[in-house]
Amino acid sequence: MNQATAPRKKVEVCDLRLSYGAKEIIHGISFEVYEHEIFGVIGPAQSGKTSLLRCINRTIEFTPEAKTRGAVKVDGKDVTKSRNVYELRRKIGMVAPLPVGLPLTIYDNVTFAPRAAGVRDRDELDELVERCLRQAALWDEVKDRLDCLGTKLSGGQQQRLTIARALSHKPEVLCLDEFSIAIDPVTTMRIEDVLKELSKEMTIILVTNLVQQARRLAQRTLFLWNGRIEEVGGNEIVFSETPKSRKTYEYVRGIFG
Amino acid sequence: MTRIGRRRAEVWFRRLSWSRIGEAVIENLIRLCGISAVLFVFGIFLFVFREGAGFLFDGLDIEKFLFTTEWYPTSRSNVRYGVGALIVGTFSVTVLAMAIAVPFGLGAAIFVSEFCGKKLREALKIVIELLAAIPSVVWGFIGLSVMNPLIQKVFNVPIGLNVFNGAILLALMSVPIMVSIGEDALKAVPDAYREAALALGATRWQIVYRVLLPAGKNGLLAAVLLGVGRAVGETMAVLMATGHAVNIPRTIFDPVRTLTATIAAELGEAPVGSDHYQVLFIIGILLFSITFAVNLTADLVVKGIRKKQ
Amino acid sequence: MFVTTPFVRQKERRELFAKIFFGLMAAAMVLPLVLILTHLVYQAWPLLSWEFLSTNPTNGMRRGGIWSAILGTIYLVGLSLFVSAPIGVFAAVYLNEYARDNWLTRIINLAVVNLAGVPSIVHALFGLGAFVLFAGIGRSILAASLTLAIMTLPVIIASTKEALGAVPRSFREACWNLGATRWQTIRRIVLPNSISGILTGVILQVSRTAGETAPVMFTGAVFFKKIEEGELFAYAITDQCMALSMHLYTVTTQVTNTPEALPYAIAVVLLATVLLVNAVSISIRVYIRSRKKW
């Protein structure tokens with residue numbers, strides 16, 4: 001790849017440290033995510049994956065005892081210093097591990113973010129709902145009952161609703177946090193196809209507990225181990241027979257973790 | 001950025017700046033309401049203190065006030081303000097009320113949380129709520145018109161308006177608090193304890209006194225303390241049912257008068273600003289301090305439980 | 001295998017004994033309620049009529065009805081809740097949604113706990129000192145309602161906090177992730193899903209306030225006041241008024257030669273109001289529980 005067409009850095013994490021009270025759980029990590037790529041983050045439970053995502057969209061601030069140091073840059077701007085945190089969160093879509101259908105109708109679920117940002121035009125919202133639900137592969141199942149409660153959908157449907165909701169404010173970066181743990185394999189495969197499609201429009205950070213999912217989807221993968229980066233690189237290296245770290249090899253092969 | 005995209009961005013921006021201001025206003029309003037609770041507590045102390053302060057620092061012999069039993073606030077020749085008998089009155093009614101209410105309250109709490117089925121529990125809780133809702137003036141009326149003749153007849157005493165009467169009413173009034181707080185405390189004992197004890201072959205009776213009472217004792221203590229707080233501060237029921245005589249009781253069938261009842265009975269007649277009027281406010285400060293201490297203790301006990309869990 | 005030994009039988013007997021023992025304790029609570037209610041209604045029966053509710057007291061309160069007292073109570077309750085409900089709900093929103101775990105929050109919580117424990121007669125002293133005398137409002141419906149409002153505040157805060165706490169945190173997080181501000185989250189998600197719980201708490205306060213006597217005795221309630229019968233706006237908020245609870249007190253203790261059923265009738269009306277309001281609040285709660293949204 002020559003220098004002229006080198007992909008733009010979308011998200012940069014520089015020496016990020018995070019502690020809850022006296023306990024530090026992320027010990028200074030640095031990496032970058034390029035535009036329009038799917039960036040996988042793998043690692044065992046408790047290694048700080050979710051906290052890392054929460055640092056990127058700054059919802060970590062809602063945990064009172066959390067303290068961060070270092071910088072997280074989106075489009076070159078440090079988010080920890082950004083004054084308009086809501087603008088930032090609209091730029092970053094976030095999908096939580098367990099599906100959370102808000103106790104609103106499906107329609108209102110999807111239009112929540114745009115409405116919160118002040119969009120009132122009915123046609124625009126209608127169009128948005130259809131687009132987002134189609135992108136999340138949910139439209140055909142719910143198009144006749146958009147005024148049903150989002151909480152009454154099945155787990156897999158709710159998770160796709162969550163994704164549709166995260167897409168509703170046209171994020172530039174989409175973060176998915178172990179999106180597949182509450183849904184069946186068939187739905188997972190459908191969503192994975194959707195993600196591949198979406199990566200043409202946006203940057204995707206995919207935190208997953210399934211090593212194979214990162215291998216299937218991501219272009220590059222980061223292996224987080226106890227709050228430190230064990231290895232980060234292209235999938236052709238991380239998942240090869242000879243990654244830089246012995247631990248990566250063992251984790252990816254399922255020898256431990 | 002496309003043309004539509006830019007238009008939308010502009011709309012968002014305009015809406016945002018307006019909503020930002022509105023939001024700041026609302027957030028500050030909410031914060032103000034939150035802080036208002038503190039202001040009110042200070043306000044209560046301040047204004048009650050303000051009305052009584054003049055006489056408290058100038059003219060009142062505090063030792064005599066607290067430890068003598070002569071309460072003649074309207075005497076022409078020799079005005080005496082001794083609240084000793086009133087304190088004893090409050091104390092005796094409260095203690096007797098607790099002696100009745102604690103076993104029943106905690107027993108009922110144990111029954112509700114451990115021994116009865118779901119439907120019965122819901123029904124009992126509703127009854128408790130209704131019992132708690134009966135206004136104190138109605139209790140006072142019941143003491144005056146129902147209990148009074150009943151006590152005279154059953155115990156063969158000349159006056160039915162006495163410590164016993166007031167204590168029964170106070171017991172009935174504080175039982176609901178004890179049951180609901182006590183039940184919460186028992187519910188807070190992890191089910192694992194119960195299951196572990198059951199697995200060892202313990203009966204539920206054994207679980208109650210070997211597992212639940214030790215594990216839930218702080219919560220139960222808090223329940224009792226809150227009951228005490230309520231009993232000390234209760235006004236109308238004791239005003240109407242304890243006979244209203246400044247008197248150190250010898251038996252539980254003697255009439256007494258309490259701190260609260262004294263204020264309620266005499267405030268209307270004491271001229272604003274007079275010594276008598278100010279003394280009533282000083283009694284108010286005394287009451288405020290007692291209940292403050294009791295509630296603070298109860299709160300600390302409850303907090304202690306939460307921290308342990 | 002499973003033989004009933006004497007030891008086991010003894011255990012079973014104890015178990016049964018425990019159940020009966022604690023059951024009786026609980027029954028000792030239910031029984032008085034039933035007995036008292038039936039006795040009161042039985043005694044009051046001859047006087048209860050529509051006329052009793054809708055006419056003013058006459059002949060030094062020995063004849064006539066209790067209309068002015070009922071209307072006075074409605075005014076006091078309405079005005080006090082009008083003041084305390086918004087403040088209480090917002091205070092609870094602050095404590096549950098905004099407040100971080102710092103000294104200020106701890107002090108506020110402590111204040112709420114202690115405010116709830118202040119005896120009603122001390123509230124009366126406060127109302128007299130602060131509203132009637134210091135603020136110069138004078139003895140009036142306004143002063144009495146403000147006193148009652150401060151008295152009900154901590155309970156409204158507590159019940160609202162409970163209702164807000166029942167909304168799962170994951171809903172809030174989902175909203176924050178979507179770029180909603182705290183207030184937007186509260187208004188769109190938290191409040192709509194807890195409003196019924198908040199309302200039951202507030203409704204419950206209607207019954208509590210209606211029964212309070214001591215705080216209104218020196219701040220705005222009077223022994224007797226004649227008003228236009230059947231006119232809903234007969235009181236101005238700067239007027240003094242009669243109150244049901246206070247009326248019961250005066251009729252039983254200050255007025256002689258009343259017909260025997262009169263205080264019973266007043267007590268029954270007061271009780272019926274209070275219990276009715278409670279029943280409404282309980283049934284709302286049951287109804288809500290049956291159609292929870294998540």
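Two strands count as paired if DSSP finds at least two bridges between them, and strands themselves are DSSP runs (E, at least two residues), numbered from the N terminus, with helices being H or I runs of at least four. Before using that, some ground rules: this is a predicted model, where local features need pLDDT of at least 70 and side-chain atom pairs count only at pLDDT 80 or more, while totals for chains, interfaces and linings use all residues. Residues are numbered from 1 along each chain as its sequence is written, chains are lettered from A and ligands numbered from 1 in the order written, and side-chain values use heavy atoms, leaving out hydrogens and water.

Start with chain A. Its four strands make an open, antiparallel sheet in the order β2-β1-β4-β5. β2 (23-34) and β5 (77-78) of chain A sit at the edges with a single partner strand each, so one side of each has no neighbour in the sheet. Further in, eight bridges tie β1 (residues 9-20) of chain A to β4 (residues 66-74) of chain A, and A:L18 stands opposite A:T68 in β4(A).

Now look at where chain C meets chain A. The contact (heavy atoms within 4.5 Å) takes in 21 residues from chain C and 26 residues from chain A. The rule finds one salt bridge across this interface, a side-chain nitrogen of Lys or Arg within 4 Å of a carboxyl oxygen of Asp or Glu. That salt bridge pairs A:R54 with C:E173, whose closest N and O atoms are 3.9 Å apart. On the chain C side, α7 (169-177) and α8 (182-211) each supply at least two residues, and α7(C) gives the most, with eight residues.
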